[in-house]
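Hi everyone, thanks for coming. Let me put the structure up on the screen, and then I'll walk you through a few places in it.

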Amino acid sequence: MRKPMVGTGWKMNHGPAAALTYAARLRALLAEQKTAGLDIFVLPPFVSLSAASAGFAGSPVQTGGQNIHWDEAGSWTGEISAPMLKEVGCRYAELAHSERLQHFGETYERVRLKVDAALAADLTPILCLGESAEDKRLGTSDDTLRYQVMTALAGQTPATIPGVVLAYEPRWAIGQSDAAPPDYVAERHAGLRALLVDLWGEKTAEDTRIIYGGSVSQTNGAGLISLPNVDGLFIGRSAWTPEGFAAMVRIVADAKLA
Ligand SMILES: O=C(CO)[C@H](O)COP(=O)(O)O
C-alpha cells in the first residue's frame, strides 16, 4: 500500500523567522483536519531548516532539504551534506529539481551519487523527473523520463527503490497558470509505473510512490490526486502560505483517506 503524500517546496522563500510563523499557523490549521495516514512535508531553504524542524516538531509535518552534495563532508564551498540535513531533523532530500538542472548545472549522473548519499544517511530522496516543452512537442517525453530514472537510480535494487519518492514535474508546467492536463499526467504516471515494473518488478512498482508537481492549485488539485498512479501532490506557489498548504492537505486527505 502506498502512503499518500502532500508536500511543498518553498524554493527561495521564508527565512527562519517566517518559517517559525508558518509552522505555528500550519500546525493550528492541521490540528482541525484529517492528517493521519498522510506523509506531509515542507522543504524550506537551508537557513530555515533548523527553525522549521523545531517549529514542526511533534506535528504531522516533516521537513527536507532542497538539494544535497554527494559527499559526507569536505572542501565543497557552498554545499550541504545529507548528514547535515539529518542533523537538523530532516526526513527528505529533494534532488534534481528542474531549476537545479536549468540554472545550476545539475545532472542526473551527479544525482545518482546524491540518491546514494541520501539513502546512506537514512533520508528519503524526492527525485524530481520531468520533460521539457521540446520533448512534449516531439513526443519524446517518456524517453526522457526513462533516461532520468535509469541514470539517477542506477545501482539501486528492488528493495531500495521504494525508499525513493518519484516526483513527476513536467518542466513546461512549473510556474504556470495551470497544471499539465489530467489525461497527460495520467499517461506519464502510468508510463513511470510500467517502467518501474520493467526495471525492478511488480512488487517494487506497487510499493514506489509517484507524486505530481507543476502548478498544482486548489482549482486542479482534486482532479490530479484522483488520477490513477498519482500518490501525492507536490506544490510550490499555491502552498507558500499556511492556509494555502492546509487547503491542499485537505484536498489530498479527502481523496485518499476517505
Ligand atoms: O517545486 C515544485 C513544487 O514544490 C514545483 O516547481 C512546482 O512549483 P509551482 O508550479 O509553483 O507549484
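Let's start at the ligand: one of its oxygen atoms is 2.8 Å from an N or O atom in the side chain of K11. That is a polar contact, meaning a pair of N or O atoms within 3.5 Å; within protein, one must be able to donate a hydrogen and the other to accept it, and residues adjacent in sequence count only if both atoms are side-chain atoms.

Before I go on, a word on the source: this is a predicted model, where local features need pLDDT of at least 70, side-chain atom pairs count only at pLDDT 80 or more, and totals for chains, interfaces and linings use all residues. Residues are numbered from 1 along each chain as its sequence is written, and side-chain values use heavy atoms, with hydrogens and water left out.

Around the ligand you'll find, among others, H97, E169, S215 and F234, each with a heavy atom within 4 Å of it.

Now please look at strand β2, residues 39–43. Helices (H or I, at least four residues) and strands (E, at least two) are DSSP runs here, numbered from the N terminus.

The chain gets from β1 to β2 through helix α1, residues 16–30, in a right-handed β-α-β crossover, meaning clockwise from the first strand over the helix to the second, with the strands pointing away from the viewer. β3, residues 61–65, also runs parallel to β2, joined by 3 bridges. I40 stands opposite V6 and has V61 as its bridge partner in β3.

Last stop: R193, in helix α8, residues 182–200. Why does R193 count as buried? Because its relative accessibility is 9%. A polar atom of its side chain lies 2.5 Å from the backbone oxygen of T208.

Key:
Buried means under 20% relative accessible area, exposed over 50%, partly exposed in between (1.4 Å probe, protein chains only). Two strands pair if DSSP finds at least two bridges between them.
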